[in-house]
Amino acid sequence: AVAFSSGMSAMTTAILALTKSGSHVVLFNDCYRRTRQFVSKVLDRFGVASTLIPPGDLDALAKALRPETRLVVSEAPTNPYQNVVDLRRLGKLCGERNVKTLIDSTFATPVNLRPGQHGIDLVAHSGTKYLSGHNDVLAGFVAGPSHLISLLRELRDVTGAILDPHAAYLVLRGMKTLAVRVEQQNRSALALAKALEAHPRVRRVWYPGLASH
Ligand SMILES: *Cc1c(COP(=O)(O)O)cnc(C)c1O
């Protein structure tokens, strides 16, 4: 894994490291707004084309892939609607065409989901949220095989998106309680989701732990 100064710098550095002018990127469109902005607006200025497809829609993905497609980016689950994607099918579809996959798994945390164990190449996390857990840090991480991670590390060192040492220490400290925090958060969130779903004045609840999801 390689550490970054924020979740956004982790995502942007990973995407930049794996693309060049003339490349094509596919993005599942229910995702963190800034990531969508980067892929659809900023990359375009550097000659990297992109296609946005509906969340979890692997048929749309198969149609969107081009010979010059280098990277498919998704969140799992997505922020904010918590859409999920079949990671194994996604990894297989892309692997067969030599397209790399990058999953932003910030919402799940490594306690709930490890996309690397389901055939995904690169996994990104904002350390700002659950990993540090105390609202006092900005950080980001990307994990994956060393031949890809070394490309990200090289570009990070050039752009300066490095993690501050004190922030790194705070993330390490926060991660000691990650599992107990997330397990309790799962229980609280499920109880809230069920209560809200049963509430007559609530129209719809999005939560992957509900049977209705
Ligand atoms: C918050 C968030 C980010 C950005 O992380 P920062 O550390 O705030 O830059 C990226 N992706 C997802 C899914 C997020 O929730």
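Predicted model: local features only at pLDDT ≥ 70, side-chain atom pairs only at ≥ 80, totals over all residues.
**The ligand shell.** Begin by selecting the ligand and the 13 residues around it, of which G7, D104, S126, T128 and K129 come nearest. Colour the shell by class: four of its residues are nonpolar, six polar and three charged.

An N or O atom in the side chain of T128 is 2.5 Å from an oxygen atom of the ligand. From M8, a backbone N or O atom lies 2.9 Å from a ligand oxygen atom. A polar side-chain atom of N79 is placed 3.1 Å from an oxygen atom of the ligand. With a surface shown, note that the protein covers 93% of the 380 Å² of accessible area that the ligand has on its own. Then select α1 (7–17) and α6 (127–131), the elements that give two or more residues to this shell.

**The largest pocket.** Move to the largest pocket, whose volume is about 410 Å³. Select Q82, F107, A108, N112 and N186, which lie nearest its centre among 19 lining residues. Two or more lining residues come from each of α5 (109–112) and α9 (178–197), and α9 gives the most, with four. The lining comprises 13 nonpolar and six polar residues, with no charged ones.

**The second largest pocket.** Finally, centre the view on P110, H125, L131, F141 and M175, the nearest to the centre of this pocket among its 18 lining residues. The volume here is about 310 Å³. Highlight β6 (122–126), β7 (140–143) and α8 (165–175), each of which supplies at least two lining residues; α8 provides the largest share, four residues. By class, 16 lining residues are nonpolar, one is polar and one is charged.

Definitions and conventions
Residues numbered from 1 in each chain as written. Heavy atoms only, no water. Near = heavy atom within 4 Å. Polar contact = N/O pair within 3.5 Å; in protein donor to acceptor, adjacent residues only side chain to side chain. Areas by Shrake-Rupley, 256 points an atom, 1.4 Å probe, with all protein chains shown as cover. Nonpolar A, V, L, I, M, F, W, Y, C, P; charged D, E, K, R; others polar. 1 Å grid on protein atoms, 1.4 Å probe; cavity = no way out; pocket = protein on both sides within 12 Å on 5 of 7 lines; lining within 4 Å. Points joined across faces, edges and corners; volume = space filled by probe spheres on them.
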